[in-house]
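Colleague: Could you walk me through the packing in this model, please? I have the sequence and the structure open.

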Amino acid sequence: MFKKQSVVLTLSLVAVIALGMFAAPLAAQGNTTLVVWDNLVRPEESAIMDALIARFEEAHPGVTVARTAKSTDDLKATTALALSSPDGPDVAMVNQGQSDMGALVAAGLLEPLDDYAEQFGWFEHFPAGLASLQRWTPDGMQMGEGDFYGIPIQAELVGVYYRTDLFEQYGLSIPTTLAEFEAAMATLAEAGETPLVFGNLDAWPGIHLYSEIQNAELASREWYDQFMFTTGEVDFDIPENIAAAARLQEWIANGWLLKGFEGIGYDDAWQLFSAGTGAMLLTGSWLSGELLPGPHGADIGFFVLPALEEDGFKLTVGGTGYDFSIRAGSPNVDLAAEYINYLYSEETAQALLDAGFLPVYPVDTSTLEDGLVKDIVLGWNHLNSTDSVGYYMDWVTPTMYDTITASLQELMAGRVTPEEFVDVVNADYVAFLLEKGVR
Amino acid sequence: MIDSSREMQRGNRLRALIPYLFVLPAFLIFALFVLLPILDTVRLSFFDWTGFSAPNFAGLANYIELWTDRLFITGLGNNLRFILFYTVFPIGLALVLTAVMTRRRIRGMSLFRAGYFIPYVMPMVVVGVVWRWIYNPAFGPLNQALGAIGLDALARPWLGDFDAALPAVGLIATWVQYGFCMVLFIAGVQKIDESLYDAAQVDGASAMQQLRHITIPGIRTEISVALVTTFIAALRIFDLVFVTTRGGPGDQTMVTSLWLYRNAFQINRVGYAATIAVAQSVLILAISAVLLRFTRTSDQEEVAQ
């Protein structure tokens, strides 16, 4: 009896192994699994991504896309390790900047995409100015030179969401100068409304608010270009940056920001605005898809924070979402490139736009109805036509995020003066210039 | 004769090995998942390593940097401040509650006991999210309650306020820890001889005197356990700060674990993060050893008396 059992066992084992041996090559031929990681976790954007992937799989029989959506923090903490594993994701979303894409390039973890860009004609539509943010020298130290490592599909710009019904009620129009914007805030405050909804408990929203004021004060792009490309030519402690810090303190002293903003999280702040608190919200276009279905979605418009002077130049914080990059050594490089090409296409762009998100790929605006989405697309087109897409300054040095967020909280609480604030930021910046060897 | 005794000796030796055999599987798992990572962390602390490129040997440079690292020192200072909220308040509160709950018959006592213990069982992330809502200045119940009783002047953006943030986070820790201390103390009180209290009562000792002279000496071991565990919790605090303030505003609630996390996962300085981990562990071990030694000698004194 024992013998019989063991024969059966052996036979079935042999069968399993034999089947497995046959199954393996079959799988490699007919069923490829493309592993992709992205950070599109908010409900609306995640749903679009799933729909797009379903269409991609339909067009590529035998291909399965295994998608993992991770929050931005989680993605940042795990991507480097995952990309250095032979079983890591084939496609992963990577942030621009020295401590993200730069570090990954230096470690040889990303596939250069120049050949694919040429093959698929990406640069016919992708502006060279934006492409330079994805170019890195092999040592990961200099941005803007070297190979091309990733392409984003979503564009974003930081601007002001405003309640059209409240603007009408108080006789306000879209401001064309920073002074007009401040006057509008004063009017709203006098009427008992919260002029600007803002929450800085999570610390990073402060970067956007400060940078937008800073962009207005600077009124040109030369300084910022030098600053972000860390050429060693410029410092942070310039009068414009001090003036911007002083202006931010003034807005707070005037009570123009949501009361208690120091203790309110980013998500709580925009949800308050979505539910009807306040007249304006300064944040990125990435929220449009979440704000539109809200109770006041039909009454929300969007404008770019105006320059100091009417029709004057002003950079606007913005750029693109995270890049889609390919892991060096992925066994499915060609398929991965095809996937990225599908995401950077007119079809995907239209799907994003239909759901209220801003695609990088240029879209036809003539068919757009008036409303929030159109406002944002027009704003983005304006930035592109005036070459005024600005920067997220937190990624200029690896430690800048920590430095700028903490010191902005100090500035907003009035614990440091504008001069002390720029000194702290400049110290971080200069330390990096020295380390890099350009000072 | 000689042969058999040798055989017996061998048998004894083998028998002596058997207990180790039983410990072996557990030890292997412990070695693989605890010991090796610890040793590897110590090794890494002598390197400059981004986490994915080749590590460079750095000697003692990381350890020297610790002494001048403003954020590490700030973090350590805040860890020490958190001891007040992790250790001092919960143990004090738990002592009072223990005295009340064990000396009086209260209806539904087990319900209260379970209720006070629940915060300790809840995941810290959930606790953090709940308290972020309670502290929210726009719609949180705390400021609304203050407003309702006319104390608007006290309302503030708790977690974002430079003066209030650390105590606000600390109170959450107290809320979590006191239930654990209390359950520990109540268990300890149960082994104290009831006749001691009876005798004290006959002698006219007040409730406060009974607490001081009977209860506290009687649960000295439990107090020392509570001391050590809450102390360690204060020194390794991470999740609570991460969920509520991320170390802000400014660096008001920065703690060493959070600075470790940022170095490892945001600034790509894994070697230096390992150094912080080693320093933190050594500190925790040293302080625990002192605390344990201190409480042990006092136990022995008690026995001697």
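Colleague: Leaving aside its neighbours within four places in sequence, what is A:Leu104 in contact with?

Modeller: A quick note before I answer: this is a predicted model, where local features need pLDDT of at least 70, side-chain atom pairs count only at pLDDT 80 or more, and totals for chains, interfaces and linings use all residues. Residues are numbered from 1 along each chain as its sequence is written, with chains lettered from A and ligands numbered from 1 in the order in which they are written. Two residues are in contact if their C-beta atoms, placed from the backbone, lie within 7 Å. With sequence neighbours within four places set aside, the partners of A:Leu104 are A:Ala80, A:Leu83, A:Val94, A:Leu109 and A:Leu110.

Colleague: Which domains does the assignment give for chain A?

Modeller: Domain bounds here come from an automatic or database domain assignment. For chain A, that assignment gives domain 1 (32-154 + 321-363) and domain 2 (156-319 + 373-436).

Colleague: How far apart do the C-alpha centres of domain 1 and domain 2 of chain A lie?

Modeller: These two domains touch, with 21 residues of domain 1 of chain A and 19 residues of domain 2 of chain A in the contact. Their C-alpha centres lie apart by 27 Å.

Colleague: And how many residues of chain A are in contact with chain B?

Modeller: On the chain B side, 25 residues take part. The count for chain A is 31 residues.
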